[in-house]
Amino acid sequence: MINVSVVGAQGRMGSHVVDAVNSAADTQLALALDAKDDLTAITPDNTDVVVEFTVPSASLHNVLTLVKQGVNVVVGTTGWTDDKLAQVTTALANAPRDNQSVFIAPNFAISAVLADHFAQVAAPYFESAEIIELHHPTKVDAPSGTAIHTAHAIGEARRAAGLGDMPDATTTDGGSRGQVIDGVHVHAVRLRGLNAHEEVLFGNAGEQLVIRADSFDRASFMPGVLLAVRKIASGAFPGLTIGLDRFLDL
Ligand SMILES: NC(=O)c1ccc[n+]([C@@H]2O[C@H](COP(=O)([O-])OP(=O)(O)OC[C@H]3O[C@@H](n4cnc5c(N)ncnc54)[C@H](O)[C@@H]3O)[C@@H](O)[C@H]2O)c1
Ligand SMILES: O=C(O)C1=N[C@H](C(=O)O)CCC1
């Protein structure tokens, strides 16, 4: 049995994780904590893996606290930067137990992970690429962590293929062209009724490829969360690992 604690347990994602952990045959819930709870209640005696879904402003502090506690962490919260990731790597190097793990995924839905992968494959073959991410209006960050990840994947693939800047004659822009991340324009929509969606548009003269992933329900994230919990509990991924694609045979 894998003992799993959940941080952010009262949130939209955290409450789904609590249910998923209670329902799976090989996991059991240890502690379910939220804002203002003391994370030092989580120790290796009661927890094998912590699942953290909180807010971007709190996640780094939570992860650093949990690493110091000697437990492994699976993180779904967004807002990670190179500087924050470096702090996690340093914390892991000084962790109290050998081979501790932190796993961070911008998206646990298989459709989104595959869309990201397919976008990376397609990127070298098109002159233009833009991303539209669409989410529920209660989301606090924009653009989505997934869109930032996809933009970097496209940017890297274009650089590796020797592609230059995308064609764009825009000379005046009041913000309508979105945020440019790694050379890729990213547009964020917040609309009541939506959950989590991403569209990647690729264009050449006379043709277009659209790759779209839709998470209609937060249930879509749970198989990926449980897969990450099992992989991290196995001890096969010490240190910092990023992206669910690392656990898929893509
Ligand atoms: N990786 C993925 O697949 C995926 C999927 C959905 C959402 N997300 C991300 O997960 C995060 C949470 O999303 P949500 O929709 O569940 O948000 P939410 O606002 O519904 O839940 C966040 C929870 O964290 C709690 N919290 C706030 N500060 C805390 C702290 N310091 N310590 C402990 N708990 C704290 C809040 O009280 C709340 O219960 C966001 O960053 C979102 O973008 C990721
Ligand atoms: O609902 C959210 O918030 C989501 N956040 C992640 C992101 O920012 O990419 C994943 C999709 C859902």
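Helices here are DSSP runs of H or I covering at least four residues, numbered from the N terminus. With that in hand, let us walk through this predicted model, starting with the ligands.

Helix 1 (12–23) and helix 2 (56–68) each supply at least two residues of the shell around ligand 1. That shell holds 25 residues, and the closest are Gly-8, Gly-11, Met-13, Ala-58 and Gly-76. Sorted by class, the shell around ligand 1 contains eleven nonpolar, eleven polar and three charged residues.

What surrounds ligand 2? Its neighbours are Thr-78, Pro-106, Asn-107, His-135, Lys-139, Ser-144, Gly-145, Thr-146 and Ala-196. Six residues of this shell are polar, two are nonpolar and one is charged.

Next come the regions named in the sequence record. The unreviewed UniProt entry lists residues 2–108 as "domain: Dihydrodipicolinate reductase N-terminal". In the model, this span is 35% helix and 23% strand, and its end C-alpha atoms lie 19 Å apart. The unreviewed UniProt entry also places "domain: Dihydrodipicolinate reductase C-terminal" at residues 114–244. Here the chain is 28% helix and 31% strand, with 10 Å between the end C-alpha atoms.

Now for the way the helices pack. Two packed helices are described by the angle between their axes and the distance between the axes. Take helix 2 together with helix 3 (residues 82–93): the angle is about 10 degrees and the axes are 9 Å apart. Helix 2 and helix 3 are therefore roughly parallel to each other, since angles under 35 degrees count as such. On the helix 2 side, Leu-60, Val-63, Leu-64 and Val-67 take part, and they meet Lys-84, Gln-87, Val-88, Ala-91 and Leu-92 of helix 3. Seven residues of this contact are nonpolar, one is polar and one is charged.

Helix 1 packs against helix 6 (residues 222–233) at an angle of about 65 degrees, and their axes are 10 Å apart. The crossing of this pair is right-handed. From helix 1, His-16, Val-17 and Ala-20 meet Met-222, Val-225 and Leu-226 of helix 6. By class, the contact between helix 1 and helix 6 has five nonpolar residues, one polar and no charged.

Helix 4 contributes Ala-112, Asp-116, Ala-119 and Gln-120 to the contact, while helix 5 contributes Thr-146, His-149, Thr-150, Ala-153, Ile-154 and Ala-157. Five of these residues are nonpolar, four are polar and one is charged.

Finally, two backbone details deserve a look. Where does Pro-143 lie? Pro-143 is in the loop between strand 6 (128–135) and helix 5. The peptide bond leading from Ala-142 to Pro-143 is cis, with omega near -5 degrees. The other detail is at Lys-36, a residue other than glycine whose phi is positive, near 80 degrees. Lys-36 sits in the loop between strand 2 (27–33) and strand 3 (49–52).

Technical notes
Residues numbered from 1 in each chain as written. Chains lettered and ligands numbered in written order. Predicted model: local features only at pLDDT ≥ 70, side-chain atom pairs only at ≥ 80, totals over all residues. Near = placed C-beta within 6 Å. Nonpolar A, V, L, I, M, F, W, Y, C, P; charged D, E, K, R; others polar. UniProt positions renumbered as here; feature names shortened; annotations may be inferred. Contact = placed C-beta atoms within 7 Å. Axes fitted to C-alpha atoms, helices over the stretch in contact; angles between N-to-C directions. Parallel < 35°, antiparallel > 145°, perpendicular 65-115°, else oblique. Left-handed = near helix turned anticlockwise from the far one by under 90°.
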